[in-house]
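My entries follow in the order in which I made them.

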Amino acid sequence: MSKSEFDIAKDSLDAGNFSLFIQEQERRIDSSTIGLITEPEIFEFISSGLGEGHPNNWITRESTWNSGLYGPDHEMSVSEHFLHAVWQVFSLRVARKLEIIQSKVRISDKGAIICFPGGFDLSVLVSYEGAGTPGSVFIRPIAAIQNPTGMLDLEGFLENSTPREKNAIKSAVTSVDKLVYHRGTIVHVDRQRENVFGPTVDTVVLSELLNIELRKRKKKSTSILEVGPGSGLITVSAALNPATSRIVSVEINEDAASCTLKNLQINGRRPTSSMVSVSVRAEKFKPQTLGEKFDIIVCNPPYVPEEDDGLEKLGATGYGKAISGLELYDDVINNLDHLLQSGGRALLMMSSVSFDYAINRIQEGFEFEFPLGRTGYKVPFDLDMLWDRPSWKDQLLSNKSIEQDGAGTIYHRIVPIWIHRNGQ
Ligand SMILES: C[S@@+](CC[C@H](N)C(=O)[O-])C[C@H]1O[C@@H](n2cnc3c(N)ncnc32)[C@H](O)[C@@H]1O
């Protein structure tokens with residue numbers, strides 16, 4: 001059996017030699033690169049090596065990202081060397097992806113990318129410059145957060161940040177180009193031209209869980225159905241995974257279906273390839289019309305109840321289709337019996353605002369588990385209409401579907417769930 005990324009990283013740290021590690025990292029399309037630093041043993045090693053325990057300081061220190069510092073006489077500690085090695089692999093990978101994006105769509109020549117190198121709890125904001133000229137993209141780390149609630153929570157980055165960091169954060173929030181990277185997959189959403197919600201923390205968590213499941217599978221020919229791919233991060237990442245043989249993605253929003261196709265192309269998978277067959281259908285999900293069964297179904301459905309009038313108005317927009325209405329839970333969960341292969345599993349995202357609704361849909365003959373625990377992750381719930389509809393907000397607060405902290409930030413909990421037939 002081939003060694004895991006973690007074992008190779010540990011061996012290289014023990015030997016103080018990183019050439020094999022770098023080669024191996026470059027070979028793996030879904031490698032976690034700097035995400036490895038959150039593995040407890042590696043974390044401990046670097047903390048004691050640098051006498052400093054915060055990944056933000058590890059990643060943003062100049063010796064990690066600035067190759068110009070290293071001359072023949074320069075001495076590096078093993079921890080510094082490791083951080084430099086993982087940064088090199090990571091930044092090269094991101095720079096290559098950016099160059100491909102530039103060759104296919106127009107993006108600003110400076111900006112920021114929100115990155116999840118691997119694992120659940122490390123997000124890194126990087127700035128890029130020099131887009132437009134092949135070979136000249138320069139990537140620099142701005143800040144790293146080790147905490148799942150910080151994922152995609154750009155305001156979280158603002159705490160204690162320098163003016164340079166604040167500018168990069170502003171650029172990530174306000175730029176027309178939303179760029180999110182997860183484990184070797186990058187997705188681009190043009191906020192002006194595409195009527196697409198774009199990946200949020202839920203997407204990244206589902207993508208990571210799917211990645212874990214695919215790594216466990218002995219069977220290297222897994223078929224996957226994604227319902228509502230949006231920007232396509234999960235579909236694209238699954239298409240790159242060697243365990244996947246077929247993906248069908250069904251998306252009601254035409255812009256989102258096109259965005260998924262664009263992101264498949266950016267990441268090197270076209271709708272048809274000899275290794276994996278990918279079909280993106282721009283239509284409302286109708287289980288009966290699919291005519292096939294899948295090993296895995298993945299769905300990040302809208303999870304805001306629609307009864308509230310403030311939300312109804314949103315229904316027609318891409319944003320509204322992405323967040324409001326609970327019917328996709330019914331459409332997916334009620335049809336698992338004829339959509340899942342024997343031994344198949346469905347991965348869905350629930351929110352504390354829709355938890356009871358979704359759980360009550362699960363039919364007899366099926367069981368479920370919560371890969372991140374029943375309470376999942378607490379993440380910001382930034383819906384403007386909460387403020388427009390104070391009574392709805394009060395109701396959600398009183399039944400504890402959402403929480404508000406002293407600074408007024410509102411949170412909900414995202415709870416992924418795996419559903420499968422009893423005994424399988
Ligand atoms: C929460 S968003 C998913 C976001 C996505 N994970 C991403 O990275 O952009 C839900 C998606 O489901 C789609 N959707 C909603 N109802 C649908 C339906 N009945 N059939 C197919 N897609 C649907 C929405 O258009 C939206 O793209």
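**Entry 1: the pocket between the domains.** I looked up the second largest pocket and found that domain 1 (5-183) and domain 2 (201-421) both give residues to its lining, so the pocket lies between them; the domain bounds come from an automatic or database domain assignment. The model is a predicted one, in which local features need pLDDT of at least 70 and side-chain atom pairs count only at pLDDT 80 or more, while totals for chains, interfaces and linings use all residues. Residues are numbered from 1 along each chain as its sequence is written, and side-chain values use heavy atoms, with hydrogens and water left out.

I noted a volume of about 910 Å³ for the second largest pocket. Of the 30 residues in its lining, Ser4, Glu5, Arg28, Asp30 and Arg215 are the closest to its centre. For the term itself I kept the definition: on a 1 Å grid over the protein atoms alone, where a 1.4 Å probe fits, a pocket is an open set of points with protein on both sides within 12 Å along at least five of seven lines, and lining residues have an atom within 4 Å of a point. Grid points are joined across faces, edges and corners, and the volume is the space filled by probe spheres set on the points.

**Entry 2: what the lining is made of.** Which helix gives the most to the lining of the second largest pocket? I found that α9 does, with 5 residues, and that α1 (5-15) and α9 (201-216) each supply at least two. Helices (H or I, at least four residues) and strands (E, at least two) are DSSP runs, numbered from the N terminus. The lining divides into 9 nonpolar, 8 polar and 13 charged residues, where Asp, Glu, Lys and Arg count as charged, Ala, Val, Leu, Ile, Met, Phe, Trp, Tyr, Cys and Pro as nonpolar, and the others, Gly among them, as polar.

Entry 3: I then followed arginine 215, which has its place in helix α9 and is partly exposed, with a relative accessible area of 49%. I used buried for under 20% relative accessible area, exposed for over 50% and partly exposed for in between (1.4 Å probe, protein chains only). Leaving aside neighbours within four places in sequence, arginine 215 is in contact (heavy atoms within 4.5 Å) with Arg183 and Glu208. Asparagine 241 is 26 residues from arginine 215 in sequence and 8.7 Å from it in space, C-alpha to C-alpha.

Arginine 183 sits in the loop between β4 (177-182) and β5 (185-190) and counts as buried at 6% relative accessibility. Its phi is positive, about 45 degrees, although the residue is not a glycine.

**Entry 4: threonine 33.** I found another positive phi, near 40 degrees, at threonine 33, a residue other than glycine. Threonine 33 lies in the loop between α2 (19-27) and α3 (40-50) and counts as buried at 0% relative accessibility.

**Entry 5: valine 298.** Is valine 298 buried or exposed? At 1% relative accessibility it counts as buried, and its place is in strand β9 (residues 294-299). Not counting residues up to four places away in sequence, valine 298 touches several residues, among them Leu206, Leu210, Ile224 and Leu347.
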